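Please look over the model below before reading on. The paragraphs that follow go through it step by step.

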Amino acid sequence: MPLVPGWWRRLDAALVLPICLTGLLILSVVLEVLYILTQEGVVVSGLHRGAHILLAGFLLLNVLGNIFMFICTSSSIKGVFLPTSLVGQGWEYCYSCQTHVPPRCQHCFTCGICVLRRDHHCVLLGQCVGFHNQRYFLCTLLYGWAGLLYATILNAEIFLGILHEGLSFHTAFLLIMPWMMLLTGQVGGSAFIFAFVADTCVMGFLFCTAFLFFHSILLTRGSTSREWFAGDQRYDLGCWWHNVREALGSQWYLVWLCPLISSPLPGDGVHFEM
Ligand SMILES: [Zn+2]
Ligand SMILES: [Zn+2]
């Protein structure tokens, strides 16, 4: 499905709130990275700083670009022609949408509509991952993972500097329990924010690693999360790159570079090869 015309009309609390919280998270990581890059010792030369800024900019543009395209690309059944002649061949009736829906389509009670080849509702981006926007979801996950890894490595340089000077109980508690240290008045706001964002980077990186690993398996096996947990392998085409092309489109090997690269999907989200 191409970009939904007038997508901004779909803005509601279920979409705006997760996007605002995710935006705040991204902003805090970006500010922390910028702060570290201005510190003495981390960046050794102007060329070194330029390379860091290019890398960080590439990761950030891909995260933001893929999030934007994900939100703009709907996988819902709205505006999709659903041929009733096929009803019965794995089709089901959705009482909420009051229509027959094709195989792999599932109703989302948060989005309030059925979604073609629905995977799951992404709580961080406020929308369902489905047939048309899986590519943007996976690229957001990949670049989010890479960005958090990058931020964690930069934070580690600061930690190593602290360790080199000798790790005190105060610093150790700040890194392990920043909220406790703030509430008991042991640290100021800036130290708390640095430690909190650093912890968030580590936790986010671990979370993204597990999620990326799981979704890489689903991608190469041609499954959705629901089918995987149900042990349903009917839609596995038997070859990993056929499955990847089915999900990411004919330019599946290029979509990872930029969200603007066109990659038409071979299917229509209604009929599936088995
Ligand atoms: Zn429905
Ligand atoms: Zn949803």
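A crossing of two helices is called left-handed if the near helix is turned anticlockwise from the far one by less than a right angle, and right-handed if it is turned clockwise. Helices (H or I, at least four residues) and strands (E, at least two) are DSSP runs, numbered from the N terminus. This is a predicted model, in which local features need pLDDT of at least 70, side-chain atom pairs count only at pLDDT 80 or more, and totals for chains, interfaces and linings use all residues. Residues are numbered from 1 along each chain as its sequence is written, and chains are lettered from A and ligands numbered from 1 in the order in which they are written.

Begin with the whole chain. Its secondary structure comes to eight helices and six strands. Read from the N terminus, the order of elements is α-α-β-β-β-β-β-β-α-α-α-α-α-α. Along the principal axes, the C-alpha atoms fill a box of roughly 75 × 40 × 40 Å. A residue counts as buried if 20 or more other C-beta atoms lie within 10 Å of its own, as exposed if 12 or fewer do, and as partly exposed in between, with C-beta atoms placed from the backbone. Of the 274 residues in the chain, 26% are buried. Two residues are in contact if their C-beta atoms, placed from the backbone, lie within 7 Å. Among contacts with a separation of 6 or more, 56% join residues 24 or more positions apart.

Next come the annotated spans. The unreviewed UniProt entry places the feature "transmembrane region" at residues 15-38, 50-71, 142-160, 172-196 and 202-219. UniProt positions are given in the numbering used here, feature names are shortened, and annotations may be inferred rather than shown by experiment. In the model, residues 142-160 are 100% helix and 0% strand, and the end C-alpha atoms of this span lie 27 Å apart. Residues 202-219 are also 100% helix and 0% strand, with 25 Å between their end C-alpha atoms.

How do the axes of helix α1 and helix α6 cross? Axes are lines fitted to C-alpha atoms, for helices over the stretch in contact, and angles run from 0 to 180 degrees between N-to-C directions. The axes of α1 (residues 13-37) and α6 (residues 189-221) come within 10 Å and cross at roughly 110°. Angles under 35 degrees count as roughly parallel, over 145 as roughly antiparallel, 65 to 115 as roughly perpendicular and the rest as oblique. The helices α1 and α6 are therefore roughly perpendicular to each other. The crossing of α1 past α6 is left-handed. Where they meet, α1 brings Ser28, Val29 and Glu32, and α6 brings Phe194, Val197 and Cys201. Sorted by class, this contact has four nonpolar, one polar and one charged residues. Here Ala, Val, Leu, Ile, Met, Phe, Trp, Tyr, Cys and Pro count as nonpolar, Asp, Glu, Lys and Arg as charged, and the others, Gly among them, as polar.

Helix α6 has another partner, helix α8 (residues 240-248): the two pack at an angle of about 100°, with their axes 6 Å apart. That makes α6 roughly perpendicular to α8. Leu219, Thr220 and Arg221 in α6 meet Trp240, Asn243, Val244 and Ala247 in α8. By class, the contact of α6 with α8 has four nonpolar, two polar and one charged residues.

Now consider helix α2 (residues 46-72), which holds Ile71. Ile71 counts as buried because it has 21 C-beta neighbours inside 10 Å. Apart from residues up to four places away in sequence, Ile71 touches Leu125 and Gln127. Asn62 also has its place in α2. Asn62 is buried, with 21 other C-beta atoms within 10 Å. Leaving aside neighbours within four places in sequence, Asn62 is in contact with Cys139, Tyr143 and Pro259. The C-alpha atoms of Asn62 and Pro259 are separated by 6.9 Å, although these residues are 197 residues apart along the chain.

The loops between strands hold two residues with a particular backbone angle. Most residues other than glycine have a negative phi. Gln98, in the loop between β1 (92-94) and β2 (99-101), has a positive phi near 55°. Arg104, in the loop between β2 and β3 (106-108), has a positive phi near 75°. Are these residues buried or exposed? Gln98 counts as exposed, with 7 C-beta neighbours inside 10 Å, whereas Arg104 is buried, with 23 other C-beta atoms within 10 Å.
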